[in-house]
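User: I want to go through the pockets of this model. Please tie each label to its definition.

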Amino acid sequence: MAKEIENVDYGLEKIFAGAQDFLPLLGTDYVEFYVGNAKQAAHFYKTTFGFQSHAYRGLETGSTDSVSYVLTQDKIKLILTTPLNSKSPINDHIVKHGDGVKVVALWVEDARSAHEETTKRGAKSYMDPIVEKDEFGEVVRAGIYTYGETVHMFVERKNYKGTFLPGFEKWESDYNPEPVGLKYIDHMVGNVGWNEMDIWVKWYEDVMGFENFLSFDDKEIHTDYSALMSKVMSNGNGRIKFPINEPAEGKKKSQIEEYLDFYEGPGVQHIAVATNDIISTITEMRSRGIEFLSTPPDAYYNAVPQRLMDHNHELKEDIENLKALGIMIDADEEGYLLQIFTKPLEDRPTLFFEIIQRMGARGFGAGNFKALFESIEREQAKRGTL
Ligand code: FE2
């Protein structure tokens with residue numbers, strides 16, 4: 001597995017050279033969840049993840065069909081949206097999928113151009129460009145469908161100075177738990193159906209101008225029981241990274257298949273958020289009640305020093321601290337990374353979060369996949385879905 005990664009050329013010049021520039025992306029703008037009860041979900045993400053109250057839209061601001069809470073932490077913006085009556089199409093999404101990610105919004109210079117360039121290359125439109133205005137200026141947004149019912153929204157906000165978007169008010173709250181040190185979205189992973197990974201890889205190449213810069217097959221990502229395949233897509237400047245997973249045949253049910261069964265289709269599997277100090281972030285999140293996948297066995301931690309030495313890196317953190325918190329370590333030529341995964345945050349075993357601290361490495365923790373999947377399989381066995 002490590003060998004495969006070593007062979008990869010991570011050079012950004014290469015990514016730049018190969019990727020198309022018809023869709024320049026400045027970064028992730030926001031991630032919108034459709035949930036059954038946004039008020040309670042907002043409280044959960046504030047309390048446990050340390051998100052800050054940012055903006056609000058609801059009955060009090062003149063929105064009669066849905067309510068949205070916007071939460072921020074450093075560069076991360078989450079929106080939690082709930083319908084206010086049975087006729088809203090948001091209900092259909094929740095009935096089918098449960099709580100989950102509807103919109104992965106991308107920050108662009110020109111939303112009209114982004115919509116035109118992607119739809120003419122085959123994207124299915126979700127929303128033609130609209131201009132929303134208030135006293136702080138205007139925002140242009142347009143959207144396209146990606147896998148399943150998930151949407152990429154293009155957001156052009158260069159002529160806007162308001163809190164979030166027109167229609168939203170600043171959200172002042174008396175309840176403001178401290179941030180836990182989450183900085184930005186590192187990558188977001190999609191699960192697609194059997195034999196659909198390459199279809200979506202080609203879609204991101206053709207429609208979005210992305211490049212496939214890392215691949216893992218089922219010979220690499222497997223345990224004794226189950227397997228998956230994964231390809232990582234990146235945009236030209238490397239700011240947006242979307243790994244795409246599909247299930248693979250094993251003796252028992254792949255975790256991707258479990259997700260597809262419970263989400264009832266393709267969707268966002270996990271959101272990886274970066275921190276500069278994973279030990280303090282995870283200490284804080286654990287004390288606030290977040291449950292993480294079980295800590296790998298001693299044998300895993302015993303092998304870490306050698307894995308780092310193989311790549312000439314020295315661990316700056318105390319390995320006992322990492323072990324006590326269940327944080328995993330992976331290394332490649334350029335450095336190492338520290339990562340940990342929450343259990344699913346919904347009752348359906350679907351979306352979860354990853355917390356990641358990069359110490360030079362640009363991979364995704366492939367060296368941890370086996371330990372990680374064994375931990376997931378223990379959870380699947382408890383759920384009776386392995
Ligand atoms: Fe990840």
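Analyst: The lining of the second largest pocket divides into twelve nonpolar, three polar and four charged residues. This is a predicted model: local features need pLDDT of at least 70, side-chain atom pairs count only at pLDDT 80 or more, and totals for chains, interfaces and linings use all residues. Residues are numbered from 1 along each chain as its sequence is written, and side-chain values use heavy atoms, without hydrogens and water.

User: What makes a residue nonpolar, polar or charged here?

Analyst: Ala, Val, Leu, Ile, Met, Phe, Trp, Tyr, Cys and Pro count as nonpolar; Asp, Glu, Lys and Arg count as charged; the others, Gly among them, are polar. By class, the largest pocket is lined by seven nonpolar, two polar and six charged residues.

User: What makes a site a pocket, and what makes a residue part of its lining?

Analyst: On a 1 Å grid over the protein atoms alone, a pocket is an open set of points with protein on both sides within 12 Å along at least five of seven lines; lining residues have an atom within 4 Å of a point. The largest pocket is lined by 15 residues, with Leu26, Gly27, Thr28, Lys75 and Trp107 nearest its centre.

User: Which strand gives the largest share of that lining?

Analyst: Strand 1, with four residues. Strands are DSSP runs (E, at least two residues), numbered from the N terminus.

User: Why is the largest pocket placed between domains?

Analyst: Domain 1 (27-170) and domain 2 (182-383) both give residues to its lining, so the largest pocket lies between them. The bounds come from an automatic or database domain assignment.

Definitions and conventions: On a 1 Å grid over the protein atoms alone, a cavity is a set of points where a 1.4 Å probe fits but cannot get out, and a pocket is an open set with protein on both sides within 12 Å along at least five of seven lines; lining residues have an atom within 4 Å of a point.
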